[in-house]
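Open the model in your viewer and get ready to select a few side chains. We will go from stop to stop.

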Amino acid sequence: QVQLVESGGGLVQAGGSLRLSCAASGSIFRLNLMGWYRQTPGKQRELVAIISSTGNTNYADSVKGRFTISRDNAKNTVYLQMNSLKSEDTAVYYCAAARVIMSLSDAYWGQGTQVTVSS
């Protein structure tokens, strides 16, 4: 089993920044993919950003140029630096991890951390 623990959420004004962290523990061997999803009430969880163990990244169009995903393989930790935050970024952010393919039905999940952006 893999345990993912997020931290860093909170309340921030529009235009501000937050940094989320997610530490993985347990059976983390060959945990190639790590990423962040977000979810708002009544909507499906959506991919925000994903990073491979070699550093390849992919972002949702809505966050490109504002969010940066990174990881420290030695610490088994993934980060999400969020800049120029908008009210529409308000959501519960979930850390995710997978070995080969990451999807809503095929990933390990953290418990989620609330990000609220006030306008």
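**Stop 1: the aromatic pair**

The count comes to 1 aromatic pair (Phe, Tyr or six-membered Trp rings with centres within 6.5 Å; planes under 30 degrees apart are stacked, over 60 edge-to-face, the rest tilted). Select Tyr37 and Trp109: their ring centres are 5.0 Å apart and their planes stand at 75 degrees, so this pair is edge-to-face. Tyr37 belongs to strand β4 (residues 33-39) and Trp109 to strand β10 (residues 108-109), so the pair ties together parts 72 residues apart in sequence. Strands are DSSP runs of E, at least two residues long, numbered from the N terminus. Tyr37 is buried at 6% relative accessibility, while Trp109 is partly exposed at 25% (buried is under 20% relative accessible area, exposed over 50%, partly exposed in between, with a 1.4 Å probe and protein chains only).

A word on the model: it is predicted, with local features needing pLDDT of at least 70 and side-chain atom pairs 80 or more, while totals for chains, interfaces and linings use all residues. Residues are numbered from 1 along each chain as its sequence is written, and side-chain values use heavy atoms, without hydrogens and water.

**Stop 2: the disulfide**

Next, select Cys22 and Cys95, which form a disulfide with sulfur atoms 2.1 Å apart (the cut-off is within 2.5 Å). Cys22 sits in strand β3 (residues 18-26) and Cys95 in strand β9 (residues 91-98), 73 residues apart. The link of Cys22 and Cys95 is left-handed, with -80 degrees about the S-S bond. Cys22 is buried at 0%, and Cys95 is buried at 0%.

**Stop 3: charge over ring**

Finally, show Arg19: its charged end sits over the ring of Tyr79, 4.1 Å from the centre (CZ of Arg or NZ of Lys within 6 Å of the ring centre and within 35 degrees of the ring normal). Then select Arg45, which lies over the face of Tyr94, 3.6 Å from the ring centre.

Technical notes:
Helices (H or I, at least four residues) and strands (E, at least two) are DSSP runs, numbered from the N terminus.
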